Amino acid sequence: MDYLWPCHYFWLHYWFQHALLDFKCTRFRPLSLQVPKPLFPIAGVPLIEHHISQLCQLKDLNEIFLMGFYPAEQFAEFIEESRRRYNVKIGYIEESASLGTAGGLVLFKDELLKDDPKALFILNADVCGDLPVSEMVKDLDEKPEAKCLILTTEATRDQSINFGSVVIDQHGKVLHYVDKPTTFVSTHISCGIYLIRASMLQELEKAKNGSTQLWFETDIFPNLASTSAFYAFHTTRWWSQTKTAAAALYANRHYLRLYRESCPERLHHSGAEIVGDVYVDPTAEIDPSSKIGPNVSIGAKAKIGAGVRIRESIILPECVLEEHSIVLHSIIGWRSIVGKWARVEGTPIAPNPNIPFAKLDNKPLFNTDGRLNPSLTILGSDVHVPHEQVILNSVVLPYKDLSASYKNQIIL
């Protein structure tokens, strides 16, 4: 999907790459069974709203386009609310087929350029982070020879091959780009965020040359690196991806930290024993004897009973956690119920703190011998955990009425 921003200067073109590459979002199940992954709430708001709120800090933004092939009606309510909240034009462009990460820009070029923008921001929908968008705009303005600015960060040597690898000279010029190389190329990796001059859309059209799809990562960037018009902007701020449900919990932790640093009024400080960074929707009911945090988000109309303990978790709207239940390192799906004295617990996930530049590993659900990889526990929507039962390192699909304890299982 794609984004655009209001003003004569910059468009934010924003696409849901996972919708192009993995339309059904299988790695994000069971959470994506209820809402499109870009609309999954992290730290209290949909994932893509974090992008919008950060980009709203730009002065000369013109419009936002969301581009992908989710049905448009799935985003209608979110778009309308975001228009009102951020006072920005937001549109949706629905692709009838996968066009690649650059193909949609070519097909809908006239729509994107109708207000004569100077440049376009392009973001993958499944990235998250503390994005230096204002700094990127300034850097592009200072490099008149640059056609494209790519945001980069640093990864470990072993992890770098899982991303777009970028070779950069001392002036920030991109000398070589390889998408997910088979051998080590560079520890500098693409963040999936690009700022391109509007004139570059003409070159994308030539590169497409009648093909059905066009990809920045394989069709554009490798050739652009040889033109001396391709530059990188390097960031050391937090950046990650939300390829899996486990990654959403990691992102939740960091977005709550950003709230504390930039808008602490969003965090909850009273009504229960609060530890660290906690977001609670104003409509949620929290018993004063509960203990919540750190790094917890609680959605609308959730009910948290007496003596409940929650840590490092996302509690989605209309959940009920009954008296003295415990939820640790887990995501509790919409309208699910955790019974009295029950325990729902997952395994903590985070990059290795002892390795510089380590990124979060988006591990597959199963390891090589067929066993479930330890990860957070996920309850899909409308799951009922009975009293005094333990759910450990498990994934439960929606509408399950559990009758026993489970460990390291997928409950279908």
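Biologist: What's the strand order in the open sheet of five strands?
Modeller: The order is β16-β19-β22-β25-β28, and the pairing is parallel. Strands here are DSSP runs of E with at least two residues, helices are H or I runs of at least four, and both are numbered from the N terminus. Two strands pair if DSSP finds at least two bridges between them. Before we go on, this is a predicted model, where local features need pLDDT of at least 70 and side-chain atom pairs count only at pLDDT 80 or more, while totals for chains, interfaces and linings use all residues. Residues are numbered from 1 along each chain as its sequence is written, and side-chain values use heavy atoms, leaving out hydrogens and water.

Biologist: OK, which strands stand at the edges of that five-stranded sheet?
Modeller: β16 (285-286) and β28 (384-385), each with a single partner strand, so one side of each has no neighbour in the sheet.

Biologist: And inside it, how many bridges do β22 and β25 pair over?
Modeller: Two, in the parallel sense, between β22 (residues 320-321) and β25 (residues 337-338). L321 has V338 in β25 as its bridge partner.

Biologist: There's an open sheet of seven strands as well; what's the order there?
Modeller: β14-β17-β20-β23-β26-β29-β31, with parallel pairing. The edges are β14 (273-274) and β31 (406-407); each has a single partner strand, so one side of each is left without a neighbour in the sheet. Within that region, three bridges join β20 (residues 309-311) to β23 (residues 326-328), running parallel. R309 pairs with I326 in β23 as its bridge partner.

Biologist: Do β9 and β10 run parallel or antiparallel?
Modeller: Antiparallel, with five bridges joining β9 (residues 164-168) to β10. I168 has V174 as its bridge partner in β10. The hairpin has five residues between the strands, and G172 takes a positive phi near 90° there.

Biologist: Switching to packing: which residues have the most contacts inside the largest nonpolar core?
Modeller: L31, F40, Y255, Y259 and I331, in a core of 31 residues. A nonpolar core is a set of buried Ala, Val, Leu, Ile, Met, Phe, Trp, Tyr and Cys residues joined through side-chain atoms within 4.5 Å. Buried means under 20% relative accessible area, exposed means over 50%, and partly exposed is in between, using a 1.4 Å probe on protein chains only. Helix α9 (residues 245-262) gives the most to this core, with 11 residues.

Biologist: What's F40 in contact with, beyond its neighbours within four places in sequence?
Modeller: Its contacts (heavy atoms within 4.5 Å) include F28, L31, A248, I314, I331 and W334. There's also a second, separate core of 28 residues, which includes L112, M200, L224 and A232.

Biologist: How many aromatic pairs turn up in the whole structure?
Modeller: The search finds 10. Rings of Phe, Tyr and Trp (its six-membered ring) pair if their centres lie within 6.5 Å; planes under 30 degrees apart are stacked, over 60 edge-to-face, and the rest tilted. F75 and Y92 are stacked, at 5.5 Å centre to centre with 20° between the planes. F75 is in the loop between β4 (61-68) and α3 (76-86) and Y92 is in β5 (residues 90-94), so the pair ties together parts 17 residues apart in sequence. Both F75 and Y92 are buried.

Biologist: Why is the Y177 and F221 pair edge-to-face?
Modeller: Because the planes of Y177 and F221 are at 70°, with the ring centres 5.3 Å apart. Y177 and F221 belong to one aromatic cluster with Y194, F216 and F230.

Biologist: Is K243 buried or exposed?
Modeller: Buried, with a relative accessible area of 16%. K243 is in the loop between β13 (239-241) and α9. Its side chain makes a polar contact with the side chain of D126 at 2.9 Å. A polar contact is a pair of N or O atoms within 3.5 Å; within protein, one must be able to donate a hydrogen and the other to accept it, and residues adjacent in sequence count only if both atoms are side-chain atoms.

Biologist: Last one, which peptide bond is cis?
Modeller: G293 to P294, with omega near 0°. P294 is in the loop between β17 (291-292) and β18 (296-298).
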